[in-house]
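I'll look at the structure first, then go pair by pair.

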Amino acid sequence: MDLFETINNTPTIEIATVQDKLLIRCSQLGQLMGNPKTKADKEAGLLSETAKTLIRSMWLYNKFGYKEDVMTDEMMKGLLVEQDSMALVQSVLGGEFRVKNDERKSNDYIIGSCDIPLKKEDVIEDLKSSYNLRTFMDAEYKQGDNYWWQGMGYMWLWGKKNYRIIYTIVPTPDNYILEQKKKFWYKFNCDETNDDYIKISMQIDKNNELIKEIPENQRVKVFEFKYDEDFIERVKLQHAKAVAYYKTLKL
């Protein structure tokens, strides 16, 4: 996934419009398609508050160019280790040689750029680089979660019938490890001799180094699911509600 796709997993998002169409990024579909909290709102077919927040962000960007980009440590690591993660996946899973996709596709409703649309298989792969060993251990897939919607969107745009989420854990580059330590250095008044700072720094190094000791085949998790034919109509219906809500907005 590209930088904008990564940033757009956050609640406030850059919005895409093409030829005056209101396009939802694949990484945003989970926000658009989520159900309202109350039974009454769900039965009435209303947009969830999360979806409304998304549409308001779209309106602010399109009207004023206003947006709030977010780059967390998790996102930054994902960008920094993308090639390392792809090399690990190739080593463990084998098969067709994987090449990072740089094409962005759209239709009347959605837009997106998937990681790897395989050429020899009817499969799209998306790589998710875990931030640390704990997040890798907790990594999972559930039908109807954000990654499920994202995968459905990519399959629709690329005409594929199978989606593969691949979680990896690879070491964080040394220069970013230094940045992590620096945050604690400032918290401890820039005192490198502080015992607590030293302990934390040593643990940061240990957490990163131990990743290298784990066998490669234990550092890759794969979840697969197939295309849902009902997906398109569900998105079209929700998209129409989003457009209607968008037209009501003002400061």
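First check: how exposed is Lys39? I read 63% relative accessibility for Lys39, so I put it down as exposed. Before going on, I remind myself that this is a predicted model.

Next I looked up the partner of Lys39. The side chain of Lys39 forms a salt bridge with that of Glu43, at 4.0 Å from N to O. Both residues sit in helix α3 (residues 39-43), 4 residues apart, which is about one turn of the helix. Glu43 is exposed too, at 62% relative accessible area.

Then I went to a second pair. Glu121 and Arg164 meet through their side chains in a salt bridge of 3.5 Å, N to O. Glu121 is in the loop between β5 (116-117) and β6 (123-129), while Arg164 is in strand β7 (residues 162-168), so this pair ties together parts 43 residues apart in sequence. Is Arg164 buried or exposed? I noted 11% relative accessibility, and since buried means under 20%, Arg164 counts as buried. Glu121 is partly exposed, with 34%.

Glu121 and Arg164 belong to a network of salt bridges that links them with Arg98, Glu125 and Glu224.

I have both down as partly exposed, Glu209 at 37% and Lys212 at 49%.

Last entry, the tally: I get 19 salt bridges.

Note on methods: Residues are numbered from 1 along each chain as its sequence is written. This is a predicted model: local features need pLDDT of at least 70, side-chain atom pairs count only at pLDDT 80 or more; totals for chains, interfaces and linings use all residues. Side-chain values use heavy atoms; hydrogens and water are left out. Helices (H or I, at least four residues) and strands (E, at least two) are DSSP runs, numbered from the N terminus. Buried means under 20% relative accessible area, exposed over 50%, partly exposed in between (1.4 Å probe, protein chains only).
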